[in-house]
Amino acid sequence: MAEKGRTLKRKDRKSEEVTEGLKETKETKEEGDQTGNNGQAASSTNDAAADGQNGEFEVEPMELPPFEIITGDRIDPFVFKFQFKNVEYSSGRNKTFLCYLVDKGDTPDGLLRGYLEDEHAGTHAEEAFFTHCLPHIDPALKYTVTWYMSSSPCSACASKIAEILKSRKNVKLSIFAARLFEWEEAEIQAGLKILHSAGCKLRAMKPLDFSYTWDTFVEAEDQPLNLWEDCKDNYEYYHEKLAEILQ
């Protein structure tokens, strides 16, 4: 198993190199744009400074908008392949993607489908699901909820989800995760056990799950997903670790 860990790490470095290459390309383009507009930018700055000295106008710093959870219907193919790749070492993957299916039975809006993503800078996707996608739960209905996640919940989210499931017995949740988030940590393991005890079904994503998620949630334009060669081995690795945690 130690050898498998090294292999997974080596694979992930390749993903990081691709990401860094894209980042460098973007930075080069931005520098070019700034150079091309240099005269105009310098002129605007000088004018603002001059106005400030005359007491007529001062430039105020721009305030960034508050962080928001991103919701949508289809994920970009490149983003999916990077964020959902089931490597062991997930450096650079600082978001959580949550694809969801909600079956409410024989109702006009009986099946809901979509995805959320976060950047761990505010509300996590798991908590946001219950405020953005399922804010009102009818006690007369039975909800079958399925999540396909890029990584399993953190300990705080696991506890919150467990509380919801215990208080709303008509909600059944299954979580299929591409990776286990920091599974070596004791508090993470405790959170997964709490979630499991609350009735949540937990499982690592199988190769067929990746293909299903690709077909259902990715803007793939009918192009099939070509699974990475170690996808099955990585699934078996996470399946074994999760079984050890929940036993």
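Is Y115 buried or exposed? Y115 is buried, with a relative accessible area of 9%; buried stands for under 20%, exposed for over 50% and partly exposed for what falls in between, using a 1.4 Å probe and protein chains only.

1. First, the basis. This is a predicted model, in which local features need pLDDT of at least 70 and side-chain atom pairs count only at pLDDT 80 or more, while totals for chains, interfaces and linings use all residues. Residues are numbered from 1 along each chain as its sequence is written, and side-chain values use heavy atoms, with hydrogens and water left out.

2. Now look at the ring partner of Y115. The ring centres of F97 and Y115 are 6.2 Å apart and the planes meet at 15°, so the pair is stacked. Rings of Phe, Tyr and Trp (its six-membered ring) pair if their centres lie within 6.5 Å; planes under 30 degrees apart are stacked, over 60 edge-to-face and the rest tilted. F97 is buried too, at a relative accessible area of 2%. Because F97 sits in strand β2 (residues 96-103) and Y115 in strand β3 (residues 111-118), the pair ties together parts 18 residues apart in sequence. Helices (H or I, at least four residues) and strands (E, at least two) are DSSP runs, numbered from the N terminus.

3. There are 13 aromatic pairs in the structure. One aromatic cluster is formed by Y100, F129, F130 and W147.

4. F129 is worth a visit. In the largest nonpolar core, which has 37 residues, F129, V145 and W147 touch the most other members. Such a core is a set of buried Ala, Val, Leu, Ile, Met, Phe, Trp, Tyr and Cys residues joined through side-chain atoms within 4.5 Å. Leaving aside residues up to four places away in sequence, F129 touches L98, Y100, V102, L116, L134, V145 and W147, where contact means heavy atoms within 4.5 Å. Another core, of 19 residues, lies apart from it and includes F84, F97, W214 and A220.

5. Helix α4 carries F129 among its buried residues, along with A125, E126, A128, F130 and C133. These buried residues pack against β2, β3, β4 and α5.

6. Finally, a helix pair. The axes of α6 and α8 come within 9 Å and cross at roughly 75°, the axes being lines fitted to C-alpha atoms over the stretch in contact, with angles from 0 to 180 degrees between N-to-C directions. The two helices are therefore roughly perpendicular, a label for 65 to 115 degrees. Here Q189, L192, K193 and H196 of α6 meet L242, I245 and L246 of α8.

Methods
Parallel < 35°, antiparallel > 145°, perpendicular 65-115°, else oblique.
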